[in-house]
Amino acid sequence: MTTTRPAQRRTTAVMVGGLALTVLVAVAPFLDGTTHLLADHVRAGYPGYGPDEVRAAVTAYQYLLAGVGVLGVAAWLWAIRAVRTGRRWARGAATAAFALALVLALTALLTRDTSGDVGLAPALGWAGLLPCVAGAVAVVLLWRAPRVSPGTPAA
């Protein structure tokens with residue numbers, strides 16, 4: 001796929017924004033206020049948990065979310081490179097990556113654990129959807145961008 005330069009720049013800018021949001025969402029669970037948010041959520045769902053069990057649950061969430069964030073960063077970088085270099089398969093691959101990210105984000109937001117409450121603190125679950133908004137915009141821009149023949153100079 002080869003896009004005209006303005007469309008390519010616009011799409012790339014949106015994707016870089018999505019990359020930045022992904023980094024913020026991946027780092028958020030390690031911030032002090034969010035750590036307390038996670039701990040309070042675990043304590044509310046499992047009142048019998050002691051401090052060590054709550055800390056272990058928070059740590060598990062932190063590293064799980066960081067791992068998903070690292071995968072998201074890799075997907076953004078890969079998609080940005082594919083768009084910048086005009087790869088023909090960039091539209092389909094970016095669409096598939098967006099769909100997978102949306103499923104993961106909705107799963108994190110909506111999955112209930114054994115306490116009957118959602119497993120992840122809702123604020124973090126909603127924050128996980130932010131990069132998906134950028135992904136949706138990027139996918140729309142990719143599919144709306146005009147295709148030009150190889151060898152045709154980009155405008």
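What follows is a short briefing on nonpolar cores, a surface patch and salt bridges.

The model is predicted. Its largest nonpolar core has 12 residues in all, and a search of the whole structure finds 2 salt bridges. A nonpolar patch on the surface is formed by Leu 64, Val 68, Leu 100 and Leu 104.

**Nonpolar cores**

- The largest nonpolar core consists of Met 15, Leu 19, Trp 76, Ala 79, Ile 80, Ala 82, Val 83, Ala 90, Ala 94, Ala 134, Ala 138 and Leu 142.
- At least two residues of this core come from each of helix 1 (5-27), helix 3 (51-84), helix 4 (90-110) and helix 6 (130-144).
- Helix 3 supplies the largest share of this core, with 5 residues.
- Leu 19 is in contact with Val 73, Trp 76, Leu 77 and Ile 80, leaving aside its neighbours within four places in sequence.
- Another core, of 11 residues, lies apart from the largest one, and Ala 39, Val 42, Val 54 and Ala 121 are among its members.

**Nonpolar surface patch**

- Together, Leu 64, Val 68, Leu 100 and Leu 104 have about 370 Å² of accessible area in this patch.
- Helix 3 and helix 4 are the elements that give two or more residues to the nonpolar patch.
- Val 68 has its place in helix 3.
- Val 68 counts as partly exposed because its relative accessible area is 38%, and partly exposed covers the range between under 20% (buried) and over 50% (exposed).

**Salt bridges**

- Side chains of opposite charge can pair when their charged atoms come close.
- Arg 43 and Asp 40 are 3 residues apart in helix 2 (residues 32-45), so about one helical turn separates them.
- Arg 43 is partly exposed, with a relative accessible area of 39%, and Asp 40 is also partly exposed, at 44%.
- A salt bridge also joins Arg 55 to Asp 52, with the closest N and O atoms 2.7 Å apart.
- Arg 55 and Asp 52 lie in helix 3 and are 3 residues apart, which means that they are separated by about one helical turn.
- Asp 52 is exposed, with a relative accessible area of 56%.

Note on methods
Residues are numbered from 1 along each chain as its sequence is written. This is a predicted model: local features need pLDDT of at least 70, side-chain atom pairs count only at pLDDT 80 or more; totals for chains, interfaces and linings use all residues. Side-chain values use heavy atoms; hydrogens and water are left out. A nonpolar core is a set of buried Ala, Val, Leu, Ile, Met, Phe, Trp, Tyr and Cys residues joined through side-chain atoms within 4.5 Å. Buried means under 20% relative accessible area, exposed over 50%, partly exposed in between (1.4 Å probe, protein chains only). Helices (H or I, at least four residues) and strands (E, at least two) are DSSP runs, numbered from the N terminus. Contact means heavy atoms within 4.5 Å. Patches are made of residues with over 30% relative accessible area and no salt bridge: like charges are joined within 9 Å, nonpolar side chains (Val, Leu, Ile, Met, Phe, Trp, Tyr) within 5 Å. Accessible areas come from the Shrake-Rupley method with a 1.4 Å probe; for residues, only the protein chains shown count as cover. A salt bridge is a side-chain nitrogen of Lys or Arg within 4 Å of a carboxyl oxygen of Asp or Glu.
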